[in-house]
Amino acid sequence: MDVQTEAPEAAQWTSCPECRELIYVKRFERDLGVCPGCGTHTRLTASQRMAQLLDAGSAVPFEPPATVEDPIGFADSRPYPDRLRQARERTGAAEAITCVTASIMNHPVIAAVMDFRFLGGSLGVGVGERIVRACETALRTRTPLLLVTASGGARMQEGAYSLMQMAKTSQALAELDEAGILTVSLITNPTYGGVAASFATLTDVILAESGARIGFAGPRVIQQTIRQELPEGFQSAEFMQARGFLDAVVPRSALRPVLGALLGVVRPAGVPGQAPETVRLIDDPAELPERDPWEVVRLARHEDRPTTLDYVYQLLDDFQELKGDRLSGDCPAIVGGIGRLDGRPIVLIGHQKGHNTAERVARNFGMALPEGYRKAARLMRLAGKLGLPVVTLVDTPGAHPGVEAEERGQAWAIAENLRLMSGLKVPIVSVITGEGGSGGALALAVADRVLACANAVYSVISPEGCAAILWKDRAEAPRAAAALRLDARDLLRQGIVDAVVPEPEGGAHENPAAAAERLRAALRATLHELTRLNSRELVERRRRRFRRYGNEDARNT
């Protein structure tokens with residue numbers, strides 16, 4: 001959707017290729033090529049894209065690689081070399097991608113930016129080789145990699161050589177995974193075929209511009225091949241995000257700050273080596289008062305109690321929420337992303353309930369579907385790759401007990417998280433901030449240290465569920481709460497939690513800011529302790545921790 005310029009006498013005006021609205025050129029440039037009427041993000045050239053995203057004067061182009069330009073001697077109405085020559089003359093570029101070393105908001109990056117004008121941004125030997133060189137440079141310099149894609153697919157004029165570039169580039173991304181180098185894709189309109197089915201969708205973080213079209217087979221191919229009716233918004237960025245394939249859909253004006261924040265949050269920072277000031281964590285059950293368990297349950301469920309996102313905005317700088325399980329959807333009952341806790345980059349994941357009825361319904365009352373647990377697992381793997389500590393905030397009645405959850409493999413999703421967390425080679429701190437319900441809570445709580453807020457509860461089943469099963473009467477829930485030993489005092493006595501985080505008088509909901517500061521101090525102290533251990537020690541101690549529950553011999557070792 002390139003910009004259509006009006007006649008010479010009206011050169012100060014242009015028209016949107018979608019809605020045809022006339023736009024004053026200077027305003028259009030100021031809005032970065034986005035139509036002020038319909039919001040269409042028009043196509044940009046590689047040079048325009050780099051000018052918008054990269055720090056001025058920071059881009060240093062790579063030396064062009066030596067490649068075979070016409071590997072199969074292809075010709076249709078014209079020889080392939082003639083088409084290449086014409087594309088170069090028209091665009092002023094050597095290939096459909098430009099690779100540079102640069103910076104974004106002073107954070108170093110290796111950027112590979114595609115240009116749809118050059119043979120539809122098709123993936124051929126020249127593009128594949130440049131992507132691999134960019135990956136190799138990122139690997140050698142340990143610099144994050146940014147891929148900006150715009151492509152109709154593989155370059156058919158290069159036959160099977162083009163197909164091989166999909167494997168070649170995917171292999172290069174795998175090497176960055178093994179080395180722990182952050183990779184980010186920015187998908188622009190359109191990104192199809194061999195590019196979408198290789199490097200564009202293999203990065204740690206996948207962003208897309210508003211309205212970008214993404215997929216393997218384009219709508220025309222689908223309709224002409226199998227004559228299938230396509231749903232509204234099919235393959236749009238928003239459509240794909242709802243199905244769990246993108247971390248965020250970002251308007252063009254916000255791309256540079258979002259990318260800058262992502263690059264900044266994983267950049268090594270001078271985290272203080274000395275022990276931080278701490279709130280006094282309670283590790284002796286005798287220091288906690290005996291209370292009515294049912295009253296504690298009611299406090300744990302209080303609708304004004306701070307949620308995960310409340311804590312995120314109080315505790316973390318430069319937080320970037322990441323969405324989607326890359327498989328089937330994005331569950332709003334679990335949120336997570338990357339941010340800095342007092343300068344230390346971490347991955348934070350937690351259940352999200354909301355405060356009022358509308359929020360709670362939208363968040364499914366904090367009861368996650370399988371895609372929520374799979375999203376959490378994806379973020380934990382990212383933390384493992386980048387060497388970042390994981391913090392989880394647990395507040396859920398339990399995993400979602402519905403037909404759709406069972407159809408999508410709820411038990412499998414929870415089990416995979418338990419196994420993943422037991423062997424994750426980075427520190428994990430879990431905090432029960434409200435309700436810790438059943439396996440839905442444990443799926444985020446296999447940790448090196450498990451803390452509980454003073455008014456939190458943690459149990460194998462809800463008091464109402466226990467009462468309904470054993471007493472055949474949900475009204476016996478207070479009796480069940482007492483029998484389940486689910487409050488912080490009993491959890492500490494049982495060794496289920498390591499320590500209790502004190503809450504403000506009356507509960508965390510009475511003073512959320514003070515509650516957040518106490519949690520901040522607890523996390524700082526705990527992470528300071530855990531980050532001194534190497535990965536082998538972390539995993540061995542974590543596994544011993546869970547081995548001891550119910551085993552007398554293990555408890556004494």
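In this predicted model, the charged end of Arg243 is placed over the ring of Phe239, at 3.6 Å from the ring centre. Phe234 and Phe239 are both buried. Phe239 therefore counts as a ring with under 20% relative accessible area, and this ring has the charged end of Arg243 over it.

The other pair consists of Phe546 and Tyr549, which are likewise described as edge-to-face, at 5.8 Å centre to centre and with 70 degrees between the planes. Phe546 has a relative accessible area of 27% and is therefore partly exposed. Tyr549, at 29% relative accessibility, is also classed as partly exposed. A further arrangement of charge and ring involves Arg43, whose charged end sits over the ring of Phe116 at 4.2 Å from the centre of that ring.

The largest nonpolar core contains 100 residues, and the members that touch the most others are Leu54, Leu207, Ile349 and Met380. The surroundings of Leu54 can be followed in detail. When residues up to four places away in sequence are left out, Leu54 touches Ala59, Val100, Ala102, Ser103, Ile104, Val109, Ala111 and Arg256. Another core, of 27 residues, lies apart from the largest one, and its members include Tyr80, Ala87, Met114 and Ala134.

Several backbone features complete the account. Strand S5 covers residues 97-104 and strand S6 covers 107-114, and Met105 lies in the loop between them. The phi angle of Met105 is near 55 degrees, a positive value in a residue that is not glycine. With a relative accessibility of 37%, Met105 falls between the 20% and 50% limits and so counts as partly exposed.

Asn364 also has a positive phi, of about 60 degrees, although this residue is not a glycine. Asn364 is found in the loop that runs between helix H12 (357-362) and helix H13 (370-386).

Where does the cis peptide bond occur? This bond joins Asn189 and Pro190, and its omega is about -10 degrees. Pro190 lies within strand S8, which comprises residues 183-191.

How values were computed. Residues are numbered from 1 along each chain as its sequence is written. This is a predicted model: local features need pLDDT of at least 70, side-chain atom pairs count only at pLDDT 80 or more; totals for chains, interfaces and linings use all residues. Side-chain values use heavy atoms; hydrogens and water are left out. Buried means under 20% relative accessible area, exposed over 50%, partly exposed in between (1.4 Å probe, protein chains only). Rings of Phe, Tyr and Trp (its six-membered ring) pair if their centres lie within 6.5 Å; planes under 30 degrees apart count as stacked, over 60 as edge-to-face and the rest as tilted. A charge sits over a ring if NZ of Lys or CZ of Arg is within 6 Å of the ring centre and within 35 degrees of the ring normal. A nonpolar core is a set of buried Ala, Val, Leu, Ile, Met, Phe, Trp, Tyr and Cys residues joined through side-chain atoms within 4.5 Å. Contact means heavy atoms within 4.5 Å. Helices (H or I, at least four residues) and strands (E, at least two) are DSSP runs, numbered from the N terminus.
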